[in-house]
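Hi everyone, thanks for making time for this.

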Amino acid sequence: MAWGLRNAYGLGFLPDGRLIATEQSADARGSRPIGNAPDALYVVEQGAWYGWPDFIGGRPVTDPAFKPQNSPQPRFILAEHDRLPPPARPVVEFAVNAAATKFAVLPADSRWPGQVVVALFGDEKPVTAPPGHKVGRRLVRIDPHDWSQHALPAGPFSRPIDVVPTPDGQLAVVDFGHFELLGKGQVEATRGSGKLWKVGLDGTNR
């Protein structure tokens with residue numbers, strides 16, 4: 001058993017048997033807003049605690065970095081942290097509000113065997129955080145040998161949410177379509193804008 005993940009959106013195994021999970025982190029909204037919390041990728045291990053609800057990426061929510069723009073500093077919910085395992089740290093951190101969703105592990109006969117391609121759905125500002133620069137809405141490749149991030153030149157996507165290897169060595173990417181939250185209960189969405197892309201690892205789209 002492992003616990004303390006807030007929103008493990010994508011789960012899957014690496015070729016060596018390790019279980020990995022994308023983690024969608026806290027938002028600056030609700031009854032306990034937490035600001036500037038990056039999304040993450042974790043290696044999930046038996047008995048590990050991943051920190052939620054009191055730690056983000058191994059750091060306490062009481063860290064001033066997590067104070068929301070217009071709300072008080074978050075406080076701990078759990079008591080007696082010294083009786084818990086040290087919170088595990090992620091192997092990869094993504095941009096705040098990037099919304100890491102599903103991922104694909106590239107097959108052995110691909111250009112980057114065993115590497116991980118993650119779909120970043122993108123932020124939902126101004127609902128999840130103050131208005132600002134848009135993030136996500138793209139794919140990123142992760143090398144599990146050193147957990148380095150690399151841009152994957154594909155798209156442009158509106159809201160990539162899933163990615164799957166195809167038998168011919170390419171990727172199928174599910175694009176949710178144009179969807180933006182405008183605040184005050186308003187949504188801007190384009191009917192019929194969702195797509196299924198076929199993407200080559202050289203960045204070509206179909």
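**Pockets, salt bridges and a sheet**

Let's begin with the largest pocket, whose volume is about 260 Å³. Before going further: this is a predicted model, where local features need pLDDT of at least 70 and side-chain atom pairs count only at pLDDT 80 or more, while totals for chains, interfaces and linings use all residues. Residues are numbered from 1 along each chain as its sequence is written, and side-chain values use heavy atoms, with hydrogens and water left out.

For the terms, everything sits on a 1 Å grid over the protein atoms alone: a pocket is an open set of points with protein on both sides within 12 Å along at least five of seven lines, a cavity is a set where a 1.4 Å probe fits but cannot get out, and lining residues have an atom within 4 Å of a point. Grid points are joined across faces, edges and corners, and the volume is the space filled by probe spheres set on them.

Which residues lie nearest the centre of the largest pocket? They are Gln24, Asp27, Ala99, Glu124 and Thr128, out of a lining of 19 residues. That lining divides into six nonpolar, seven polar and six charged residues (Ala, Val, Leu, Ile, Met, Phe, Trp, Tyr, Cys and Pro are nonpolar; Asp, Glu, Lys and Arg are charged; the others, Gly among them, are polar).

On to charges. The model has 10 salt bridges, each a side-chain nitrogen of Lys or Arg within 4 Å of a carboxyl oxygen of Asp or Glu. In one of them, lysine 134 meets glutamate 180, with the closest N and O atoms 3.7 Å apart. Lysine 134 sits in the loop between β8 (116-120) and β9 (138-143), and glutamate 180 in strand β13 (residues 179-183), 46 residues away.

Is glutamate 180 buried or exposed? Glutamate 180 is buried, at 13% relative accessible area, whereas lysine 134 is partly exposed at 39% (buried is under 20%, exposed over 50%, partly exposed in between, using a 1.4 Å probe and protein chains only). Both residues also belong to a network of salt bridges with Asp123, Arg137 and Arg159.

Another pair is aspartate 168 and lysine 198, whose closest N and O atoms are 2.6 Å apart. Aspartate 168 is in the loop between β11 (160-165) and β12 (171-175) and lysine 198 is in strand β15 (residues 195-199), so this pair ties together parts 30 residues apart in sequence.

Last, a sheet. Four strands form an open sheet in the order β1-β2-β3-β6, with antiparallel pairing (two strands pair if DSSP finds at least two bridges between them). Its edge strands are β1 (8-13) and β6 (92-96), each pairing on one side only. Three bridges join β3 (residues 38-44) to β6, and leucine 41 stands opposite valine 92 in β6.

Technical notes. Helices (H or I, at least four residues) and strands (E, at least two) are DSSP runs, numbered from the N terminus.
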